[in-house]
Amino acid sequence: MRVLVLGGTFEASKLADLLAGQSGVSSMLSFAGRTKALRPPQIPYRTGGFGGVDGLEAYLEAERIDVLVDATHPFAEQISRHAALAAARAKIPLVVLSRPAWVAQPGDHWIEVADMAAAAAALGREPKRVFLTIGRLQIGAFAAAPHHFYLIRTIEPLTLPPNLPRHRVVLGRGPFAVEAEEKLLREESIDVVVTKNSGGEAAFPKLCAARHLGLPVVMVARPQQAAGPVLHDPAEAMTFLLRHQSTLTPRGV
Ligand SMILES: NC(=O)c1ccc[n+]([C@@H]2O[C@H](COP(=O)([O-])OP(=O)(O)OC[C@H]3O[C@@H](n4cnc5c(N)ncnc54)[C@H](OP(=O)(O)O)[C@@H]3O)[C@@H](O)[C@H]2O)c1
């Protein structure tokens with residue numbers, strides 16, 4: 001069985017570890033190539049886009065891939081859409097590996113919004129100190145609300161300074177600890193946290209910290225998930241793949 005895993009997440013790397021050395025399985029992990037400090041997996045990997053749906057379909061055909069695993073981030077909409085289309089065209093199964101969304105708990109004060117524009121609007125007219133933990137790509141949406149101060153946390157430095165008159169960038173890669181998150185929010189006199197509903201444990205402590213301090217969280221909802229069976233756990237995905245190994249008809253036969 002030849003498996004292509006679309007990655008860029010902790011879950012994809014975990015699945016790659018499980019696939020490493022699996023007899024009868026040849027697997028490849030694919031990264032978009034956005035992160036400079038790449039952690040090489042235990043299986044072969046490639047980096048960079050495929051060139052749209054056509055490119056991905058051509059890759060699946062050329063590499064005789066039997067099953068495609070979309071283990072990309074829940075907010076990586078385009079590649080998930082491409083994966084669903086390319087797998088359908090190549091007539092191979094698609095497995096979606098996606099961590100469960102966070103769910104508000106008692107004591108949480110979440111303002112749930114559909115996208116970044118709505119998140120910027122939800123901050124209101126009164127100037128606030130905002131902890132912005134949404135990655136690098138969509139910071140521009142907050143130019144619509146320039147009256148706030150933004151403490152921006154990203155994994156890697158921003159390539160361009162954000163178009164925000166009052167901001168500071170701090171670098172950090174999870175997993176984070178609740179105590180450290182609380183300390184940061186307190187020391188920076190943060191009024192509100194903005195985050196995407198990425199799910200997972202590594203970034204969850206900021207939500208606990210916000211709850212402990214009674215701070216509101218503007219929570220951006222996930223985009224619609226691509227079609228296909230959705231599994232939440234890398235081990236579950238591995239079991240699924242192995243169960244399918246015996247039932248898959250080799251391509252081209
Ligand atoms: N969006 C987030 O919040 C977020 C957070 C953490 C990690 N990530 C990871 O970062 C990567 C990029 O995210 P994004 O939101 O920019 O994606 P995106 O908008 O859905 O995808 C943009 C393009 O990047 C290429 N691409 C994306 N993931 C790829 C992969 N695993 N392997 C090869 N090419 C890939 C594809 O190019 P072609 O069309 O040329 O094939 C795709 O059309 C993803 O792998 C994702 O898992 C994203």
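These legends accompany close-up views of a predicted model.

**View 1. Surroundings of the ligand.**
The ligand is surrounded by 24 residues. G7, S30, F50, Q78 and K196 are the closest of them. G51 places a backbone N or O atom 2.9 Å from a ligand oxygen. H73 likewise has a backbone N or O atom 2.9 Å from an oxygen atom of the ligand. K196 contributes through its side chain, where an N or O atom is 2.5 Å from a ligand oxygen.

**View 2. The largest cavity.**
Helix α3 (77-90) supplies at least two lining residues, and so does strand β5 (94-97). By class, the lining holds six nonpolar, six polar and two charged residues.

**View 3**
R136, I139 and G140 are among the residues lining the second largest pocket. The lining also includes the run L158, T159, L160, P161, P162 and N163. Five lining residues are nonpolar, three are polar and one is charged.

**View 3. Salt bridge between E63 and R2.**
Side chains of opposite charge can pair when their charged atoms come close. The model contains 10 salt bridges. One of them joins the side chains of E63 and R2, with an N to O distance of 3.5 Å. E63 sits in the loop between α2 (52-62) and β4 (67-70), and R2 sits in strand β1 (residues 2-6), so the pair ties together parts 61 residues apart in sequence. What is the relative accessible area of E63? The value for E63 is 30%, so E63 is partly exposed. R2 has 25% relative accessibility and also counts as partly exposed.

The side chains of E57 and R89 form a salt bridge at 3.1 Å, N to O. E57 belongs to helix α2 and R89 to helix α3, so the bridge ties together parts that are 32 residues apart in sequence. R89 is partly exposed, at 40% relative accessibility.

**View 4. Salt bridge between R168 and E188.**
R168 and E188 meet through their side chains in a salt bridge, with N to O at 2.2 Å. R168 lies in strand β9 (residues 167-171), while E188 lies in the loop between α5 (178-187) and β10 (192-196), so parts that are 20 residues apart in sequence are tied together. R168 is partly exposed, with a relative accessible area of 37%.

Methods
Residues are numbered from 1 along each chain as its sequence is written. This is a predicted model: local features need pLDDT of at least 70, side-chain atom pairs count only at pLDDT 80 or more; totals for chains, interfaces and linings use all residues. Side-chain values use heavy atoms; hydrogens and water are left out. On a 1 Å grid over the protein atoms alone, a cavity is a set of points where a 1.4 Å probe fits but cannot get out, and a pocket is an open set with protein on both sides within 12 Å along at least five of seven lines; lining residues have an atom within 4 Å of a point. Ala, Val, Leu, Ile, Met, Phe, Trp, Tyr, Cys and Pro count as nonpolar, Asp, Glu, Lys and Arg as charged, and the others, Gly among them, as polar. Helices (H or I, at least four residues) and strands (E, at least two) are DSSP runs, numbered from the N terminus. A salt bridge is a side-chain nitrogen of Lys or Arg within 4 Å of a carboxyl oxygen of Asp or Glu. Buried means under 20% relative accessible area, exposed over 50%, partly exposed in between (1.4 Å probe, protein chains only). A residue is near a molecule or strand if one of its heavy atoms lies within 4 Å of it. A polar contact is a pair of N or O atoms within 3.5 Å; within protein, one must be able to donate a hydrogen and the other to accept it, and residues adjacent in sequence count only if both atoms are side-chain atoms.
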